[in-house]
Amino acid sequence: MSAARFGFLPTRTSDWVGWRLLTTNNRDLGRSSTVYPDHEAARAAAQWVQEHVAEMRITLVRSSSIGWRWRMLVGDTIVAVASRDYHRRLQAERSATVMLTLLPQAAPLAEGLRS
C-alpha cells in the first residue's frame, strides 16, 4: 500500500475540480495550484505533476506576518501549493520535502476517485 494517494474535490463555488495529495491518515499535504473544468482534466494534471517531480523546485513564501507556505514550480509555473500555513519556515520546508518524496510513489489515479 502506498503512503500517499490522490484525491479530487470540486470547488465550493463551482463544479471545477482540483487535486490534492493525501497521506494514509487522510492528511492533506498539498494541492493543485489551479482548478480544472472536470475530473478528467484534474486527473491528467495530477499525473503530469507526478511524472515531473524531478523538474520541480520549492519556494517558501510568507503567507502572513507569522505564517509560511511552500510552492512547487516547474520553470516559472506554480504546479502545487501547501494545503495550510506553517508557523515556522522549517516546518513549511519539511512539508514540501515530504510532498516531493511521496508524489512519485502516490497511489495510481483510479477512475472516478473522489475524496
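The model is a predicted one, in which local features need pLDDT of at least 70 and side-chain atom pairs count only at pLDDT 80 or more, while totals for chains, interfaces and linings use all residues. Residues are numbered from 1 along each chain as its sequence is written, and side-chain values use heavy atoms, with hydrogens and water left out. Helices (H or I, at least four residues) and strands (E, at least two) are DSSP runs numbered from the N terminus.

**The largest pocket**

- About 250 Å³ of space lies in the largest pocket, where a pocket is an open set of points on a 1 Å grid over the protein atoms alone at which a 1.4 Å probe fits, with protein on both sides within 12 Å along at least five of seven lines.
- Its lining (residues with an atom within 4 Å of a point) consists of Leu9, Pro10, Thr11, Arg12, Gly18, Trp19, Arg20, Arg31, Ser32, Thr34 and Val35.
- Strand S1 (4–10), strand S2 (17–23) and strand S3 (28–32) are the elements that give two or more residues to this lining, and S2 gives the most, with three residues.
- By residue class, the lining divides into four nonpolar, four polar and three charged residues, with Gly counted among the polar ones.

**Helix H2**

- Helix H2 (residues 89–102) has 14 residues and reaches 20 Å from its first C-alpha to its last, close to the 20 Å expected at 1.5 Å a residue, the expected span being 1.5 Å times one less than the number of residues.
- The buried residues of H2 (buried means under 20% relative accessible area, with a 1.4 Å probe and protein chains only) are Ala92, Ser95, Ala96, Met99 and Leu102.
- What covers them, by contact (heavy atoms within 4.5 Å), includes S1, S2, S3, strand S4 (57–64), strand S5 (67–74) and strand S6 (77–82).

**Leu73 in strand S5**

- Leu73 has its place in strand S5 and is buried, with a relative accessible area of 8%.
- Leaving out residues up to four places away in sequence, Leu73 touches Glu55, Met56, Arg57, Thr59, Ile78 and Val79.
- The C-alpha atoms of Leu73 and Met56 are separated by 5.4 Å, although the two residues are 17 residues apart along the chain.

**Asn26 in a loop**

- Asn26, in the loop between S2 and S3, has a phi near 65 degrees, a positive value in a residue other than glycine.

Definitions and conventions
Points joined across faces, edges and corners; volume = space filled by probe spheres on them. Buried < 20%, exposed > 50% of the residue type's maximum accessible area, 1.4 Å probe, protein only.
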